[in-house]
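Here's a quick tour of a two-chain model, written for someone who likes the cut-offs spelled out. Have a look at the structure, then read on.

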Amino acid sequence: MTKTKLIALMGASTLGMLMTASAVQAQQSGYLSILVDNGPQSIATMEAWAEAYKAMNPDVTIDIEVRPGGGEGDNIVKTRLATGAMADVFSYNSGSLFQAINPTQNLLPLTDEAFQDGVQDSFKSVVSAGGEVYGAPFAPAMGGGIFYNKPIYEELGLEIPTTWDEFMANNEAIKEAGKVAVIQTYADTWTSQLFVLSDFYNVLAEEPDFAEKFTANEAKFATTPAALRGFEKLQEVAEAGYFNADFGAATYADGVRMIAMGEGAHYPMLTFAVGAIAETAPDYLDDVGFFAQPGDSAENNGLTTWMPDSVYVAANTASPDLAKDFVAFIASPEGCDVRNEAVGATGPYMVAGCELPADVPPSVSDMLPYFQEGGQNAPALEFLSPVKGPALEQILVEVGTGSRDAASAAALYDEDVRKQAQQLGLEGW
Amino acid sequence: MKKRTSILGGAAAIAATFVVFVIPFIFIILMAFKDRQQSALRDFSLPTGFHFWENVVEVVKTRNWMMITAFINSSIITVVSVTLLVIFAAMVGYVLARRKTRWNGLIEFLVLAGLMVPPAVVPTIWLLQGLQLFGTLHGMILIEVAYNLPFSIILYRAFVATIPRDLDEAAIIDGARPLDVFFRIVLPLLWPVTVTNIVVQSVGIFNDFTNPLYYLPGNANATVQLTLYNFQSQFSTAYNLLFTNILLITIPPLLVFMFFNRQIVAGMTAGAVKG
């Protein structure tokens, strides 16, 4: 290759780089593939974003592909990342599952993108690995707490409980009125964990360094009274006979229907259930309210929060600039507006400048005070510690069905956690 | 007396069949007629309104008419793979049964290994990518053929043993070349076991879920079983649409079965008499 040719080539490539750089500012063109999980809200939101983005950039074609959620979805994401067949942009969990897909090798860092300035630091921390940020929030934040049926509360003249004793007193009143006080749905075993997981705000209130000590194998559920309370709360509710008669066979979908239609008064659940209520029982959406799982003191009443899923860009994408621009659009106030329009609001956004519409359902507006000034919230344990035992749901089903007491369940869970911590190679296990 | 017991036995068999096969199917049909709210109850009840047609339209139109693409893809995959399976398995089975060499043991071991060793997903995808076959229909067809070939070979090999060698010899004496012997004499005689193969393999391949899920990514490559994921997700399921979808994709295997039903029974008895 001669020198002139080389210089010409360099000139051409610089020109090309300049052109792509200016294209980032202006309109985008090209082809973008997206892989999204098959939750109806995820699909509807992603389709709305794609439509809005295409309206702004008419030369872009976007292909949305759908994958299952849960364990099958984990396999698909990992397989496609490992074989280099991943879509340009994809949605996946944040937190501990995000760490499991080998982000430093498989994902494109988004640390220096302009949109990250508007993303809350608490979210960035759960999509970071090796000093780089890899994700943008895919959905609003969620809270774990207790859904309640408003008509039942009005009929019996009950107040929203701020302590556990008040909550149990409400349960007693509801039971005496001949209604189901607490809905449990053990056909979907994961739903059994809410009493323990949503209690974590109360754990942190008493033991602010529980997460670090837990990760370092210094604190245990069985020997930390505040952490054991979550197990005891489930046991108390179970022993008092507040559950629906079919709690062993009911599914999550049943639980959602029951809380909406007043077949039960309380349902401990994550706030994403608002979306499920809006789909299966839209007429009853205004009958459902929400409160944080109460602790033992009324002054210190706060919400345990869950970080939303995230969107990532695959490292081997053919069009990184387009992918980054699309992700930036998702994490912008316009992106939030599009989401509000498409599926409604399910919680507060993780992006600065995002507004909730005025007419949010009561279960969402009940959640907002915990996020505002003066409100109190804390992330769930799974966002503070990589240690989460796989058998928690089965252990808690045992507690809920009365075949194991809280203390031995907590001890068994500590044992379950040990295996996982050793697999992760943590120090001190 | 004897007559009465046989009537009772027959009635019990019919009742058992009804409970095991017909009631679930009625449940599917009932669910397909309900709206979303009623279907969320998942009980065995009459639909409160007639929603079947809206459900069908919704299911077929979902995700940009994905159902149509899926039916075309699944039909191509099923028809081509079953054709290849029948031809190759019959050939291998015929040679294995007729020609005794010292390699037979090894070959039979490899066939059994194909039946027993579970295929690994990621290495298979790497191989497909190397051959430029990943994410293509013909790649998927080759995978289905490879995974199902051992089972078909074993069926054919056992059946070829029941065909008298004299027929081959007579054909050769009459001047048939080796391919003529196979295609004009032996293959037609294998019809009963071919029907069994067609029914078993086409239902299996048409209903295959995990293989297309991993080996055939992309919207354009959807197969019918994957359309179920349009309505069923981890936290939320539209049961009315899910069951409408199930109803629609159950029809083709049902037709295959009804079409071949007489032949299957005939084939079984024919094989039994020959013994």
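R42(B) sits in the loop that links α2 (36-39) and α3 (52-98) of chain B; helices here are DSSP runs of H or I with at least four residues, strands are runs of E with at least two, and both are numbered from the N terminus. Its phi is near 50°, a positive value in a residue other than glycine. R42(B) is partly exposed because it has 16 C-beta neighbours inside 10 Å. The scale, with C-beta atoms placed from the backbone, runs like this: buried means 20 or more other C-beta atoms within 10 Å, exposed means 12 or fewer, and partly exposed is in between.

W65(B) is another one to check, with phi near 60°, again positive and again not a glycine. This residue belongs to helix α3 of chain B. Buried or exposed? W65(B) is exposed, since 10 other C-beta atoms lie within 10 Å.

## Ground rules

This is a predicted model, so local features need pLDDT of at least 70 and side-chain atom pairs count only at pLDDT 80 or more, while totals for chains, interfaces and linings use all residues. Residues are numbered from 1 along each chain as its sequence is written, and chains are lettered from A and ligands numbered from 1 in the order in which they are written.

## Where the chains meet

The contact between the chains takes 23 residues from chain A and 21 residues from chain B, with a contact meaning C-beta atoms, placed from the backbone, within 7 Å. On the chain A side, β2 (59-67), α3 (70-82), α13 (252-261) and α14 (273-280) each supply at least two residues. The top contributor is α3(A), with five residues.

What is that side of chain A made of? It divides into 11 nonpolar, seven polar and five charged residues. Nonpolar covers Ala, Val, Leu, Ile, Met, Phe, Trp, Tyr, Cys and Pro, charged covers Asp, Glu, Lys and Arg, and polar takes the others, Gly among them.

## Chain A overall

Chain A has 20 helices and 12 strands. Its radius of gyration is 24 Å, close to the 22 Å that the globule rule gives for 429 residues, so chain A is as compact as a globular protein of that length; the radius is taken over C-alpha atoms, and the rule is 2.2 Å times the number of residues to the power 0.38. Of the 429 residues, 50% count as buried.

Notes:
Contact = placed C-beta atoms within 7 Å.
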